[in-house]
2 protein chains.
Amino acid sequence: MVLRVGVVGGGQLARMMIAPAVELGVEIRVLAEAEGMSAALAATAVGDYRDVETVRAFAREVDVLTFDHEHVPHDVLTALVDAGVAVHPGPDALRFAQDKLHMRARLAELGMPQPDWAAVSDRAGLQDFLDAHGGRAVVKTPRGGYDGKGVRVVSAATEADDWFTALAEDARGGELLVEELVDFSRELAQQVARRPSGDVAVYPVVETIQRGGVCAEVLAPAPHAGERMSQVAARVGVDIAEGLGVTGMLAVELFETTDDRILVNELAMRPHNSGHWSQDGAVTGQFEQHLRAVLDLPLGATDPIAPWSVMVNILGGPREGGLVERFPAVMREHPTAKVHTYGKDPRPGRKVGHVTAIGADLDDVAYQARAAASHFLDD
Amino acid sequence: MVLRVGVVGGGQLARMMIAPAVELGVEIRVLAEAEGMSAALAATAVGDYRDVETVRAFAREVDVLTFDHEHVPHDVLTALVDAGVAVHPGPDALRFAQDKLHMRARLAELGMPQPDWAAVSDRAGLQDFLDAHGGRAVVKTPRGGYDGKGVRVVSAATEADDWFTALAEDARGGELLVEELVDFSRELAQQVARRPSGDVAVYPVVETIQRGGVCAEVLAPAPHAGERMSQVAARVGVDIAEGLGVTGMLAVELFETTDDRILVNELAMRPHNSGHWSQDGAVTGQFEQHLRAVLDLPLGATDPIAPWSVMVNILGGPREGGLVERFPAVMREHPTAKVHTYGKDPRPGRKVGHVTAIGADLDDVAYQARAAASHFLDD
């Protein structure tokens, strides 16, 4: 018997599932959007994930279908499930990752701590929310946003006019999500894995440092998190995984407020940038864990293998040449750093790789990871 | 720029280079002996490694050629080098791994500690050696042996008659290697990595436990090795790597004698079973290190990431069904164990996978690795 996992999407998350699949001895197949993508080594098909026949043909050759991203349309997913395909996470769970209004409404039902929020369909509704929240708020398009896209801080209702106009022209109609601007001291992320048969594994809560709306680095575990904060974060992660029926990896992005509360910011139902540290810093990395979870295998231990792990993204990369030209310098100066690159061409702001370091001293670990990653950037 | 490593041979050692190649962002291509081998995911060619044109065509598409095994004929290797192919380890070094008589002679020149040995071409010569060494000795065919094959303990010169006959019929002629039967307390292995430009990285010396001439488990570092023993082993490893001009990973299999000496048993110029622990137990695993070394990149840190690592081979596998049928039980009972399988069908005695565990308590770590591995075997 061979276990075969099919991954829809050929990006770096699919790529990073290849190593643990090969190590374990699980067959991995990728349906890539195009030739030459990050996960090209395992790409057995190239096609449009919005086309149900394309995805169904791909799914015929695998035991379980999972994802590099959350963009496969809901009707495609439900057609697959109706055709008997094992899809993890399933369409009912993915809806909450695909639509932030659905997510907010469901988390409210579950009693999860959230920022104040509302669904607004016009300028007047948005102005009412602004008036009730000190004149500033975050407006989000419910669908399609990531890495800061589809997110806007506004202090006047007119600043979302273009989005309202677009909504009015969209046959599906719809509303914008508006959220209070949270006074947070830092951002955290809680990762959990959940099997279809129910078992859950919880990673330590981590601190994520964003720059320009994009994850720049992750400290694991979150420094000074404390027992209570860690337990609350873990509880929120497990409650959401169970409440939403998530299978595979779930990342819950959290705000830690200045008054020591935790509020849920965003969800991702897949391996997530906030968990890359676990590749080198935990007994079971998130990519192996995701494979185990979607295959309904028992989950691996989530313990860190060192007191501290730090992950620093390589954002953009060098202006001239590729990443590998920088290998000699980074490897010579940082022999303990773990370098990960994604086979993507450098481009400003693009996530093209990351570096992790682990060890007993947080300052040293953070220095190693940051300094190593900086070799891939121009001054 | 993309760095492209070509691996001759599609076995599990080539397979285990895939994960670090993908993680780093190095392209890996494999010339496999057949379809469906362990390293099939990266196999871009299938052909006979004894055919110089086949290997040369494969080598055209890569920056450096390296190996899953040491069986590529010397004349093929030299033809590649003459054609300008970067080959690591090179033919001059590989000769010493391919021919145990060459190896013994060269190690003698280097002053390395060895068992008494001799080249014998007939029964009389073997009898002389037996008479001088208490009536028992180890006879080895200089070429082609591995995992106990081509090795025989004899107490009468007639016991090697078939090999002498075969030698007489071999156009290349030749001699057998005979070695004293070493009174050893245990076996050790020293791994080092060496770049073409000269840098060397040294792993901790490990204890290897053989059963029936095949590696069964590895304890890293070797328990009770002591500072002096560790330094001697490291020195022997470095001297051999430098003296023989090895590039890539070198494993030196050692006897620890009952009178506390170290003697060189065998050499392997590639990642080796005695180093599998490093995949999960060292900052830089031997497969990543081999890629870095043959690409002449700076070598990674070889520090263990836990006080103890234990690797246990899965030899044979279940009589019925495949390895993955055992995943649920092993993963449920041993969530900290790291399972590696090679995509090979179970067969008595065959190396089909291994399990590693790491931690602070050797007894517990060894228990976890052994118990986890035992799930893959029938009673």
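**View 1. Tyr203(B), a buried residue in an aromatic pair.** Tyr203(B) has a relative accessible area of 2% and is buried. The model shown here and in the other views is predicted. Trp277(B) is also buried, with a relative accessible area of 2%. The rings of Tyr203(B) and Trp277(B) form an edge-to-face pair, with 6.4 Å from centre to centre and 90 degrees between the planes. Tyr203(B) belongs to the loop between strand 10 (200-202) and strand 11 (206-211) of chain B, while Trp277(B) belongs to helix 9 (residues 277-281) of chain B, so the pair ties together parts that lie 74 residues apart in sequence.

**View 2. The stacked pair of Phe184(B) and Phe255(B).** Over all chains, the model has six aromatic pairs. In this one, the ring centres of Phe184(B) and Phe255(B) are 4.7 Å apart and the planes meet at 25 degrees; planes under 30 degrees apart count as stacked, so this pair is stacked. Phe184(B) is in strand 9 (residues 184-194) of chain B and Phe255(B) is in strand 13 (residues 248-257) of chain B; the pair links distant parts of the chain, 71 residues apart. Phe184(B) is partly exposed, at 34% relative accessible area, whereas Phe255(B) counts as buried, at 10% relative accessibility.

**View 3. Arg152(B) over the face of Trp163(B).** Arg152(B) is placed at 4.0 Å from the ring centre of Trp163(B).

**View 4. Arg95(B) over the face of Phe96(B).** Here the distance from Arg95(B) to the ring centre of Phe96(B) is 5.9 Å.

Key:
Residues are numbered from 1 along each chain as its sequence is written. Chains are lettered from A and ligands numbered from 1 in the order in which they are written. This is a predicted model: local features need pLDDT of at least 70, side-chain atom pairs count only at pLDDT 80 or more; totals for chains, interfaces and linings use all residues. Side-chain values use heavy atoms; hydrogens and water are left out. Rings of Phe, Tyr and Trp (its six-membered ring) pair if their centres lie within 6.5 Å; planes under 30 degrees apart count as stacked, over 60 as edge-to-face and the rest as tilted. Helices (H or I, at least four residues) and strands (E, at least two) are DSSP runs, numbered from the N terminus. Buried means under 20% relative accessible area, exposed over 50%, partly exposed in between (1.4 Å probe, protein chains only). A charge sits over a ring if NZ of Lys or CZ of Arg is within 6 Å of the ring centre and within 35 degrees of the ring normal.
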